Amino acid sequence: TPTPTPTPTPISSNCDTSGNVFSVSGNTAQMKNNIYGPDGNSVAMTQTNDFVVSGGKAFKGASGLIENAQTTNITSGTGSGTVAITRTYYDFGASESKVYGATNSTTVMGLAVTATISNEPVVPWPNNPALNTPYTNSYTVTTETLGTSRSVPTTETRTFSTETITTLFGTFDACKVKSDST
């Protein structure tokens, strides 16, 4: 007799990100997505995202960081054949996660463009935020690409809440993040 598939365990009623799949070294994940057109029904593109999480990485002089490497392949529709590799660098502490920045290499129609994006100061977000409470960070995003550098002052506010979603596998509480940037 086959063992029945266990029922997925819903997340708690908060948005605790400690130990999630994207923060633990050695984890891998894959997502396949359809991106829909303006009518909401027609598929504009299909993409596959592969994630690999590694520890002990360095970024712009900081060491001991977690690297989340995401490879995105657009497999059909608008941008078909585009491949993007984004490596984002974090420090996951006991109470907050700090985002240092990222590198990106995108190949479109055989042309590769690379960029390094860094945050100054490093951007901290709470691991277990209070629900419906806005958290605001002000920082400068610097993008270096094609031999140039551009810095943009940014203020970002994130508000965390929960909502109930229903899928083919059941009904679950999900964390919802509203992000506003200026």
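This is a predicted model: local features need pLDDT of at least 70, side-chain atom pairs count only at pLDDT 80 or more; totals for chains, interfaces and linings use all residues.

How many bridges pair strand S5 with strand S6, and in which sense do the two run? I looked it up: S5 (residues 96-108) and S6 (residues 111-126) are antiparallel and share twelve bridges.

**Entry 1, around S6.** I picked one spot in the pairing and found glycine 101 opposite serine 118 of S6. Then I went to the hairpin of S5 and S6, where two residues sit between the strands. Methionine 109 has a positive phi there, near 50°. Next I checked S6 against strand S7 (residues 134-145), and these run antiparallel with six bridges. Here threonine 116 faces glutamate 144 in S7.

**Entry 2, the S1 and S2 hairpin.** I moved to strand S1 (residues 28-36) and strand S2 (residues 43-59), which pair antiparallel over nine bridges. Asparagine 33 has glutamine 47 of S2 as its bridge partner. In this hairpin I counted six residues between the strands. Glycine 40 is the one I noted for its positive phi, near 80°.

Of the 182 residues, 26% count as buried. I also looked at contacts with a separation of 6 or more, and residues 24 or more positions apart account for 41% of them.

**Entry 4, charges.** I listed 9 positive and 12 negative side chains. The centres of the two sets are 5 Å apart.

How many aromatic pairs does the structure hold? I got four. One of them is phenylalanine 59 with tyrosine 89: the centres are 4.9 Å apart and the planes meet at 15°, so I logged the pair as stacked. Phenylalanine 59 belongs to strand S2 and tyrosine 89 to strand S4 (residues 83-92), so this pair ties together parts 30 residues apart in sequence. Are these two residues buried or exposed? Both phenylalanine 59 and tyrosine 89 came out buried.

I also checked tyrosine 90 with phenylalanine 92, where the centres lie 5.1 Å apart and the planes are at 25°, so this pair is stacked too. Phenylalanine 92 is partly exposed, at a relative accessible area of 28%.

Technical notes:
Residues are numbered from 1 along each chain as its sequence is written. Side-chain values use heavy atoms; hydrogens and water are left out. Two strands pair if DSSP finds at least two bridges between them. Helices (H or I, at least four residues) and strands (E, at least two) are DSSP runs, numbered from the N terminus. Buried means under 20% relative accessible area, exposed over 50%, partly exposed in between (1.4 Å probe, protein chains only). Contact means heavy atoms within 4.5 Å. Lys and Arg count as positive and Asp and Glu as negative; His and the chain ends are not counted. The place of a charge is taken as NZ of Lys, CZ of Arg, CG of Asp or CD of Glu. Rings of Phe, Tyr and Trp (its six-membered ring) pair if their centres lie within 6.5 Å; planes under 30 degrees apart count as stacked, over 60 as edge-to-face and the rest as tilted.
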